[in-house]
Amino acid sequence: MSTMSVSTFMKVARVLPADTSILVRGPHGIGKSQLARQLAHIVARDEKLNEFEFIDRRLSQCSEGDIIGLPSTDGEVTRFNPPDWYKRACVKPCFLLLDELNRATPEVMQAAFQI
């Protein structure tokens, strides 16, 4: 595993393509979530995005239904209805933070990996 300073991370993360996922690892309580929030603010400012939601999901507090949605049926087939935050993330530009992956249950981790 390699390490990177916060200033270098901010420079690199700002120029990555929007569809690139970033994994930030480090000890508990060092400010990883706050770093993501600051990055979202910088991206919104740089791209002049007036509506740029920061969606924060704490995976350690979720069940798999909170990630993939709940099932419904039309009588013939079953499909999953996505949670409101997931639909918003698919419709509008946003910053989606899936936080505390290492503290999630294996089922929630698998659902998060699908995203």
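Which residues are buried in H1? I started there and found Phe9, Met10 and Ala13. Buried for me is under 20% relative accessible area, exposed is over 50%, and partly exposed is in between, with a 1.4 Å probe and protein chains only.

**Ground rules**

I am working on a predicted model, where local features need pLDDT of at least 70 and side-chain atom pairs count only at pLDDT 80 or more, while totals for chains, interfaces and linings use all residues. Residues are numbered from 1 along each chain as its sequence is written, and side-chain values use heavy atoms, with hydrogens and water left out.

**Entry: the whole chain**

I counted five helices and four strands in the protein chain. Helices (H or I, at least four residues) and strands (E, at least two) are DSSP runs, numbered from the N terminus. Along the sequence I read the pattern α-α-β-α-β-β-α-β-α. The C-alpha trace spans about 55 × 35 × 20 Å along its principal axes. Of the 115 residues, 24% count as buried. I get an accessible surface of about 8500 Å², and 53% of that belongs to carbon and sulfur atoms. Those areas come from the Shrake-Rupley method with a 1.4 Å probe; for residues, only the protein chains shown count as cover. For contacts I use heavy atoms within 4.5 Å. Among contacts with a separation of 6 or more, 59% are between residues 24 or more positions apart.

**Entry: back to H1**

The arc is that of the directions from the helix axis to the C-beta atoms. Lys11 and Val15 are exposed on the other side of H1. The buried residues of H1 pack against H2.

I also looked up Ser7, which sits in helix H1. Ser7 is partly exposed at 47% relative accessibility. Its side chain has a polar contact of 3.3 Å with the side chain of Ser5. A polar contact is a pair of N or O atoms within 3.5 Å; within protein, one must be able to donate a hydrogen and the other to accept it, and residues adjacent in sequence count only if both atoms are side-chain atoms.

**Entry: the cores**

Which members of the largest nonpolar core touch the most other members? I list Phe9, Met10, Leu39, Phe54 and Phe95, out of 13 residues. A nonpolar core here is a set of buried Ala, Val, Leu, Ile, Met, Phe, Trp, Tyr and Cys residues joined through side-chain atoms within 4.5 Å. Helix H1 (6–15), helix H2 (32–46) and strand S4 (94–99) each supply at least two residues of this core. H2 gives the largest share, six residues. Another core lies apart from this one and has nine residues, including Ile55, Cys62, Ala104 and Ala111.

I then checked Phe54. Not counting residues up to four places away in sequence, Phe54 touches Ala36, Arg37, Ala40, Phe95 and Leu97.

**Entry: H5**

In helix H5 (residues 106–114), I find Val108, Ala111 and Ala112 buried. They are on the same side of H5, because their arc around the axis is only 100°. The exposed residues Pro106, Phe113 and Gln114 are on the face turned away from the buried side. Helix H3 (64–68) and S4 are included in what covers the buried residues of H5.

**Entry: Asp56 and Asp99**

Asp56 is in strand S1 (residues 53–58), and Asp99 lies in strand S4. Asp99 is buried, with a relative accessible area of 11%. I note that the side chain of Arg58 makes polar contacts with the side chains of Asp56 at 2.9 Å and Asp99 at 3.1 Å. Leaving aside neighbours within four places in sequence, Asp56 is in contact with Arg37, Leu97 and Asp99. With residues up to four places away not counted, Asp99 touches Ser33, Asp56, Arg57, Arg58, Leu59 and Ser60.

**Entry: cysteines**

How many disulfides does the structure hold? I found zero, with a disulfide being a pair of cysteine sulfur atoms within 2.5 Å. Cys90 is exposed, at 56% relative accessible area.
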